[in-house]
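Please look through the model shown here before reading on. The report below goes from the overall layout to the rings and then to the core.

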Amino acid sequence: MNVRNCRKCGKLFNYVAGPPICEACREALEVKFQEVKEYIREHAHATIPQVSEACDVSQSQIQQWLKDERLEVAEGSGIALLCEKCGEPINSGRFCLKCKNSMADQLNESIRKPEAPKPAPKKDTKENPKMRFLG
């Protein structure tokens, strides 16, 4: 059993996976997420500080939801996200599609199985016999 203190409220809870917060704080955070999602839907050109103030959610939490691809900004939105690798504008996540594909290709290349070694050619036993007879 993995028992931890909740990062938000400090209560002890049985940690399973994900962010180290208790179930009550996780549910409260999900309610806030739905509120932010609805606010962005209604106010498509709002900036992160405006959304943060209107919904009483930290700016870093909103940025985390964007990076986790739980939120996506509309074209022409006041929220600007850039690819962490090439700097290209994106709607959500950390990387643009081109960089994601490039990194996936690099990963696949690095974990490709090596080819099986080719068997050595057999030597002719007539020229070099292994058993010798003494005369």
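## Layout of the chain

The chain contains four helices and four strands, where helices (H or I, at least four residues) and strands (E, at least two) are DSSP runs numbered from the N terminus. Read along the sequence, these elements follow the pattern β-β-α-α-α-β-β-α. Of the 135 residues in the chain, 24% are buried, a word that here means under 20% relative accessible area, with exposed meaning over 50% and partly exposed in between (1.4 Å probe, protein chains only).

This is a predicted model, in which local features need pLDDT of at least 70 and side-chain atom pairs count only at pLDDT 80 or more, while totals for chains, interfaces and linings use all residues. Residues are numbered from 1 along each chain as its sequence is written, and side-chain values use heavy atoms, with hydrogens and water left out.

## Aromatic pairs and charges over rings

The structure holds two aromatic pairs; rings of Phe, Tyr and Trp (its six-membered ring) pair if their centres lie within 6.5 Å, and planes under 30 degrees apart count as stacked, over 60 as edge-to-face and the rest as tilted. The ring centres of Phe 13 and Tyr 15 are 6.3 Å apart and the planes stand at 75°, so this pair is edge-to-face. Phe 13 and Tyr 15 are both buried, and the charged end of Arg 4 sits over the ring of Tyr 15, 3.9 Å from its centre. For a charge to sit over a ring, NZ of Lys or CZ of Arg must be within 6 Å of the ring centre and within 35 degrees of the ring normal.

The rings of Phe 33 and Trp 65 have centres 5.2 Å apart and planes at 75°, so this pair too is edge-to-face. The pair links distant parts of the chain, with Phe 33 in helix α1 (residues 23-42) and Trp 65 in helix α3 (residues 59-67), 32 residues apart. Both Phe 33 and Trp 65 are buried, and Arg 70 lies over the face of Phe 33, at 3.9 Å from the ring centre.

## The largest nonpolar core

A nonpolar core is a set of buried Ala, Val, Leu, Ile, Met, Phe, Trp, Tyr and Cys residues joined through side-chain atoms within 4.5 Å. The largest one has 27 residues, of which Val 36, Val 51, Ile 62, Trp 65, Leu 66 and Leu 71 touch the most other members. Two or more residues come from each of α1, α2 (48-55) and α3, and α1 gives the most, with five residues.
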